[in-house]
Amino acid sequence: MANLGKVIKKSFEKKTLTSTTVGIIISTLTTVAPMFLVIGGILILYSLLNYNTVVYSDRVLFSSSILYIFIFSLLTTSPFNSILSRYMTDRIFEERYDAILPCFYGGLFLNMMACCAVGIPFYLYAHFVGGIELLYIFLCFITYIGLSLTFYTMLFLSITKDYSKISLFFALGVGTMIACALFLVRILHVNTSYGMLTAIAIGFLVMSSCECAYVKGYFHSNDGSYFEFMGYFKKYWQLSVTNLLYTLGMYAHNFVFWTVEDHLIVKNTYVCYPPYDMATCIAMFTNISASVILITQIELHFHERYKAYSEAVIGGRLRDITKAKNRMFSLLSYQLMDVVRNQFIISVILYLLCVVFLPQFGFAGQTMEIYPCLAAGYFVIFLLYSCIIFLFYFNDKTGSCLATLVFCAVTTIVSIFAREFSAIWYGIGTFAGAFAGWCIAYFRLRWVERNLDEHIFCQGKLIPEKHENMPSGIVFSASLTTQPDNNEKGSENA
């Protein structure tokens with residue numbers, strides 16, 4: 001398998017300005033580059049096709065459609081990713097590589113069923129109640145399915161650690177998307193909104209097709225265990241809930257602000273609040289580099305310490321185990337603080353750039369009033385994500401689930417009250433929810449540190465468990481008393 005950590009480590013270990021820059025570029029290209037490629041491709045289409053000249057109602061309908069496609073694609077795929085990732089990790093550890101491909105097919109079936117269960121009723125409502133044209137609805141549905149399939153197959157590519165292939169496939173899809181849009185609009189003179197939506201759908205289908213072909217080529221054997229992973233939904237249900245709640249918490253505040261008085265309803269179907277949604281997008285991009293920093297830190301250093309501790313547990317002395325544990329948690333604390341320190345510096349710089357330059361490109365007014373509080377909120381959200389990743393390392397499913405539950409609940413509740421505040425405080429719900437979830441996750445990590453020995457050495461069972469009828473409670477029965485033999489009778493007569 002291609003190992004991202006080795007490539008990045010080789011760049012950073014040279015400790016020169018050029019090698020460090022190369023390491024940062026590689027880290028960025030192999031982690032958040034796919035998201036930037038897609039959004040950058042759509043912005044390029046806006047510019048090349050002069051989308052500002054399109055009728056305002058069509059522009060609002062198109063932007064609302066893309067917004068819903070992205071949000072609900074993430075929500076419908078999130079419950080499956082963590083479970084399938086755990087199942088595949090276990091099968092790779094057992095060297096049962098022929099179980100990966102059937103897991104891919106079985107998970108794909110369930111994922112597409114979930115997407116259709118959400119998408120079909122919504123788009124039928126959009127057509128029959130909202131009056132949106134059937135062709136436009138069909139293109140939206142294909143785009144939604146294509147993006148969901150792209151998110152799903154990315155999981156299997158990330159298992160192989162071949163992040164560069166993900167970026168390559170996204171680049172190919174975005175290139176196809178731009179070429180198709182220019183061909184449809186400039187040459188065939190298709191309506192701009194229809195042409196762009198068709199091109200985006202084709203681009204996502206190209207990305208997902210390339211990813212599927214790579215997965216089939218990488219895991220080419222098949223043992224036929226298509227739904228063996230279903231047992232993991234019962235055994236590790238907290239992983240599925242954690243992933244769903246974290247994704248839902250990132251957008252719950254948007255759903256709340258879609259209910260304010262001056263919200264926008266498009267075609268009696270799409271509900272949105274453009275100033276808040278745009279501020280959310282900018283705030284997310286301000287702090288997205290935290291993911292790059294975290295993944296780089298884990299790949300470079302923490303994974304090695306975790307591996308050393310695992311090896312000490314398997315065959316080391318108590319002294320070795322204690323030393324490895326202390327070194328591992330010492331590095332964990334340092335990396336959490338390092339992510340906070342580096343991301344704070346980056347976020348402050350990006351925040352200043354956004355405040356100074358974005359108003360020149362039309363991003364002003366209420367959007368920039370809402371932005372500061374949301375930027376602080378997403379700063380803490382990505383720190384919460386760091387703690388959840390470390391909790392997953394120690395198999396603390398309860399802690400991670402509790403942290404995301406608090407995050408989602410507090411974000412929703414505080415955002416409901418924040419609707420009555422001034423615009424500058426609209427994002428306080430996001431900050432409060434993320435901070436509450438981060439506190440739970442952080443103190444849970446400290447709890448794991450204090451109780452790691454019990455967690456590692458006291459999980460086994462001396463007596464194997466069985467599922468069968470309970471044995472009888474009768475220990476001794478008077479009817480089964482043995483009669484005295486002849487010798488005993490003779491001695492009694494004497």
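A residue counts as buried when its relative accessible area is under 20%, as exposed when that area is over 50%, and as partly exposed in between, with a 1.4 Å probe and protein chains only. Keep these words at hand for the tour, which goes through a predicted model in which local features need pLDDT of at least 70 and side-chain atom pairs count only at pLDDT 80 or more, while totals for chains, interfaces and linings use all residues. Residues are numbered from 1 along each chain as its sequence is written, and side-chain values use heavy atoms, with hydrogens and water left out.

**The whole chain**

Of the 494 residues, 46% count as buried.

**Two loop residues**

Select H189, which is in the loop between α7 (163-187) and α8 (192-218). Is H189 buried or exposed? At 65% relative accessibility, H189 counts as exposed. The phi of H189 is near 55 degrees, a positive value in a residue other than glycine.

Go on to K267 in the loop between β1 (264-266) and β2 (270-272). K267 is not a glycine either, yet its phi is positive, at about 55 degrees, and its relative accessibility of 45% makes K267 partly exposed. As background, most residues other than glycine have a negative phi.

**Inside helix α4**

Now select S78 in helix α4 (residues 56-93), where a relative accessibility of 3% means that S78 counts as buried. Which residues does S78 touch, if those up to four places away in sequence are not counted? They are N243, L244 and T247, where contact means heavy atoms within 4.5 Å.

**Along helix α13**

Select Y351 in helix α13 (residues 318-357), a partly exposed residue with a relative accessible area of 28%. Leaving aside neighbours within four places in sequence, Y351 is in contact with T286, Y371 and P372. Draw a line from Y351 to P372, C-alpha to C-alpha, and the distance is 7.9 Å, although 21 residues separate the two in sequence.

**The pair α15 and α16**

Finish with helix α15 (residues 397-418) and helix α16 (residues 428-450), which pack at an angle of about 160 degrees with their axes 7 Å apart. Axes here are lines fitted to C-alpha atoms, for helices over the stretch in contact, and angles run from 0 to 180 degrees between N-to-C directions. The two helices are therefore roughly antiparallel, a term for angles over 145 degrees.

Show side chains where the helices meet: among the residues in contact are L402, V406 and F407 in α15, and I440, A441 and R444 in α16. The residues of this contact divide into 13 nonpolar, eight polar and one charged; Ala, Val, Leu, Ile, Met, Phe, Trp, Tyr, Cys and Pro count as nonpolar, Asp, Glu, Lys and Arg as charged, and the others, Gly among them, as polar.

As a last stop, select I413, also in helix α15, which is partly exposed with a relative accessible area of 47%. I413 and H253 are 160 residues apart in sequence, and 9.0 Å apart in space, C-alpha to C-alpha.

Technical notes: Helices (H or I, at least four residues) and strands (E, at least two) are DSSP runs, numbered from the N terminus. Angles under 35 degrees count as roughly parallel, over 145 as roughly antiparallel, 65 to 115 as roughly perpendicular and the rest as oblique.
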